[in-house]
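I opened my notebook to look up charge pairs, nonpolar cores and pockets in this one. Here is what I wrote down, in the order I looked.

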Amino acid sequence: MKALDLIPRYKTVRQRSVSVCAPLSVEDHAVQSMPDASPAKWHLAHTTWFFETFVLLPLGGKPFDDRYHFLFNSYYDAVGNRIPRERRGLLTRPAVEDVLAYRGEVDERMTRVLAEGALDAAAAEVVELGLHHEQQHQELILTDVKHALGTQPLRPAYRTDLVRDTGAIAPLEWIDFEPEIVEVGASARGFAFDNERPRHRAILSAFRIATRPVCNAEVLAFIGEGGYDEPRLWLSDGFATARREGWRAPLYWEQCDGAWCAYDLGGFREIDPAETACHLSYYEADAIARWAGARLPTELEWERAAMGLRARDGHWADDDRLHPRAASAGGLSQLFGDVWEWTASAYAPYPGFRPLPGALGEYNGKFMSGQMVLRGGSCLTPRGHVRASYRNFFAPSARWQMAGVRLASDRGAA
């Protein structure tokens, strides 16, 4: 994509981050509720730091503030030192208004650089990477704000005008896939993260995959049948983690007056059994799959199932619900949006993987240890950000992300 063509997209993506933060108070912008989360103010500054560091400074530009280089670097060791992640919430300064001023100046400079055609093709690709990076942080702002608000005693709503609806639970059925050799991963054309490449052939045995994700009613049944207390359903690390952390239900769930309730970004309410289940760790997803007499799909099985489906047709953050819909019927559904779906695949490089050159090579490759792959995007992901080859990854104990379960099995086993 030519630099000039990036201007409308640059402005749209950058404005969306500010809009996502608009419902927050000044105090909300600064809170960090756990080490894995970051304050909204930090997200706004870090995404700006990315463009300043990797686009503007290489062109000979001056930094907005030399101190921001240390404050808002995330994990790029090749770029320099940084504040420890768990201490981001201690940054009372710069204030929110100063961060917004930082964004404003960098945006003005970026727009001017793009309009003047000062970027070569390689630099334009860095801008495109930065926009997708910012979309990732837009989702992280929502998940981190949800944790910050949902773990407070008052459990305040992020927004009170979100779409509310319900639906009936669709039957859980199965789609069969024959054994075959398939091509998976992103092609060489168009944008994709380096961890999606190279496109390569893979051998798949016959498998079956569920037509929809697991819903709350099925998680309630898992709880009711003592699933959290049955070690035979769990990986050893998972059962130890569940016991140590006191897991008795998905994150944000609690019993109130004999019913299960949960916090979402619209407030605290009773569980809807028909809604797609979320906020489950990989350990819980794996245990639920075993309880159901199934397993999790591999990431390559998931990608094979998603081939030919339109990612844009999923349920995304743009739909203003910010919570998963009811588990739906109609063939293979909800692969895109609603919830990230855990797979049985460890996050590892594809054959022939090559990280991006320079410091940007730290973006994905250095995390290929101790993580599991998720696919499909969620109701907090911006529309247009995810594709069938997109590989998300988190530690198996992570629960604050909008992650759920889709069942799979070997053919004839379900």
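**Entry 1: a pair in one helix.** I began in helix H5 (residues 96–116), where Arg109 and Glu105 sit four residues apart, so about one helical turn separates them. Helices here are DSSP runs of H or I with at least four residues, strands are E runs of at least two, and both are numbered from the N terminus. The two side chains form a salt bridge at 3.8 Å, N to O; the term asks for a side-chain nitrogen of Lys or Arg within 4 Å of a carboxyl oxygen of Asp or Glu. Arg109 is buried at 11% relative accessible area, while Glu105 is partly exposed at 33%. I used under 20% for buried, over 50% for exposed and partly exposed in between (1.4 Å probe, protein chains only).

**Entry 2: ground rules.** I noted that this is a predicted model, in which local features need pLDDT of at least 70 and side-chain atom pairs count only at pLDDT 80 or more, while totals for chains, interfaces and linings use all residues. Residues are numbered from 1 along each chain as its sequence is written, and side-chain values use heavy atoms, leaving out hydrogens and water.

Entry 3: My search of the whole structure gave 39 of them. Arg375 and Glu303 pair at 3.0 Å, N to O. Arg375 is in strand E9 (residues 372–375) and Glu303 in helix H10 (residues 299–306), so this pair ties together parts 72 residues apart in sequence. Both Arg375 and Glu303 are buried. I also found one network, linked by shared partners, of Arg164, Asp165, Asp264, Arg269, Glu275 and Arg321.

**Entry 4: the core.** Which residues have the most contacts inside the largest nonpolar core? They are Phe50, Phe72, Val127, Tyr158, Trp234 and Trp342, in a core of 114 residues. A core here joins buried Ala, Val, Leu, Ile, Met, Phe, Trp, Tyr and Cys residues through side-chain atoms within 4.5 Å. Another core, of five residues, lies apart from it and includes Tyr347 and Phe353.

**Entry 5: the largest pocket.** I looked up what lines the largest pocket and got 42 residues, with Arg85, Leu140, Phe393, Phe394 and Trp400 nearest its centre. A pocket is an open set of points on a 1 Å grid over the protein atoms alone, where a 1.4 Å probe fits, with protein on both sides within 12 Å along at least five of seven lines; lining residues have an atom within 4 Å of a point. Helix H6 gives the largest share of this lining, seven residues.
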